[in-house]
Amino acid sequence: MKQLSAFLEQDQRLIWHPFTQEKNAPLPILIEKGSEVHLYDADGKAYLDLISSWWVNLHGHGCPAIAEAIYAQALELEQVIFAGFTHKPAITLCQALGAILPASLSKYFFSDNGSTAVEVALKMAYQFWWNQGEPQRRLFLSFEGAYHGDTFGAMSVGRTSGFHAAFQDFLFETATLPFPATWEGDETVAQKEEAALEQLETLLKKQATHIAGMILEPLVQGASGMRCCRPSFLNRLMALLKAHGILILFDEVMTGFGRTGTTFAYEQLEHVPDILCLSKGLTGGFLPLALTVASQSIYEAFLGDTFSKALAHGHSYTANPLGCAAAIASLNLLQSPQTQQQLADLAVAQRKGVQYLQEAIPERIHRVRSVGTIAAFEWREPLSSPNSSLQRLKQDALEAGFLIRPLGQIVYLLPPYCISLEALESVYRWLAHYGHDLG
Ligand SMILES: *Cc1c(COP(=O)(O)O)cnc(C)c1O
């Protein structure tokens, strides 16, 4: 115990944690071990990881197949410059992804995280036009509530996420479309969709030749609270954009690798994007790695006899071989019949779970939704404690051994795929009792 508090003291002295108001945040929990769906703190207390450790973990913590792949790769080649050099893990990973991605997405650009995957996508889209003598195409469209990361380009297209207030004056100009967020039993969805599409049509009429592209999180907006839209809406939106030759950029940093029930969210849509951003689940949650996958025609617009048309972008750890080895092992696991069965079972259990809660504590929750392995609902504060019960819920859940991290008023469950259905049911039962006891 004494040693533990010494560690935490040093943490507080030295470390600046992400997305944390350090003045009043509770002390961080010192985690010493992860195994399957559980994290264990220094006292041995277990926490069910219901947020996949910030949406990165797919197959559970300490997954031996991935750990061994990283170890074996580290003994062979841990890192090499990726300009002028290449390596088998990168090539094998792109081959494996190429077997499942649409043929039109054929060129793979590596970076380290979701934000950089988005920066690369934005730079590719803009320079695609610039290289072809259309530098006036500099406007990017994005959705209200979109979150695309914390670097400046990503913040610009995510300006309405609510996370970037201090930086508004630094962000480049974008146009924001309303996002027709919907839930079970939503009767206003068609109306919201029409309004969004109308706004897009007006914008296209006025400014189509000044628009570089539109970036979006397909099916589910993650950080703004697991806000869902209907596939049919995205089909219509994409058809409109394509008719005007506007590039479509999918940010599947969160939705990729099975979260929405299919390996990628675009599989549930009629059209394919021109650029696809992947990260988070790419390595199964083991190492930071990202990909920006572009169509052949985008790639070809960067070819020329001098460097001036090339994509002048790269990171020190581009295509780190350890990350690639982890990603290959994780993708193998994801495609195994066992994981595919887990995905299907989890989707059914999540849908049933939120419906059960809706019936059990209608006074406490509303706007329930589930898409594949993701479930979410809005928490209604009891009149007795108008705006604090959710913060308490988070702490009480941790006490009970459940790692839940509400986004605003939204509670969501986004667990690793290997969670047992019994464990998941225990969470829903706990939430029902908790909500019920609040009155
Ligand atoms: C998390 C996230 C990002 C940013 O990824 P980082 O690895 O945190 O930089 C970008 N887009 C979406 C949709 C995300 O959920």
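Is S161 buried or exposed in this predicted model? S161 is buried, at a relative accessible area of 10%. Buried means under 20% relative accessible area, exposed over 50%, and partly exposed in between (1.4 Å probe, protein chains only). The model is predicted, with local features needing pLDDT of at least 70 and side-chain atom pairs counting only at pLDDT 80 or more, while totals for chains, interfaces and linings use all residues. Residues are numbered from 1 along each chain as its sequence is written, and side-chain values use heavy atoms, with hydrogens and water left out.

**View 1. S161 and D150 sit in loops.** S161 lies in the loop between α6 and β6 (174-177). A146 is 15 residues from S161 in sequence and 5.4 Å away in space, C-alpha to C-alpha. D150 belongs to the loop between β5 (139-143) and α6 (152-157). Helices (H or I, at least four residues) and strands (E, at least two) are DSSP runs, numbered from the N terminus. D150 is partly exposed, with a relative accessible area of 36%. Q409 is 259 residues from D150 in sequence and 22 Å from it in space, C-alpha to C-alpha.

**View 2. Residues surround the ligand.** The surrounding residues are W55, N113, G114, S115, Y147, H148, G149, E217, D251, V253, M254 and K280. To be near a molecule or strand, a residue needs one heavy atom within 4 Å of it. By class, this shell has 4 nonpolar, 5 polar and 3 charged residues. Ala, Val, Leu, Ile, Met, Phe, Trp, Tyr, Cys and Pro count as nonpolar; Asp, Glu, Lys and Arg count as charged; the others, Gly among them, count as polar.

View 3. The protein buries 83% of the 380 Å² that the ligand exposes when taken alone. Accessible areas come from the Shrake-Rupley method with a 1.4 Å probe; for residues, only the protein chains shown count as cover.

**View 4. W55 and Y412 form an edge-to-face pair.** Rings of Phe, Tyr and Trp (its six-membered ring) pair if their centres lie within 6.5 Å; planes under 30 degrees apart are stacked, over 60 edge-to-face, the rest tilted. The count comes to 15 aromatic pairs. In one of them, W55 and Y412 are 6.0 Å apart centre to centre, with 85° between the planes. W55 lies in helix α2 (residues 52-55) and Y412 in strand β16 (residues 410-413), so the pair ties together parts 357 residues apart in sequence. W55 is buried at 6% relative accessible area. Y412 is buried at 1% relative accessibility.

**View 5. W430 and Y434 stack.** Their centres are 4.9 Å apart, with 25° between the planes. W430 and Y434 both lie in helix α13 (residues 421-437), 4 residues apart, about one turn of the helix. W430 counts as buried at 18% relative accessibility. Y434 counts as buried at 13%.

**View 6. F19, W54, Y147 and F163 form one aromatic cluster.** Y147 is also among the residues that surround the ligand.
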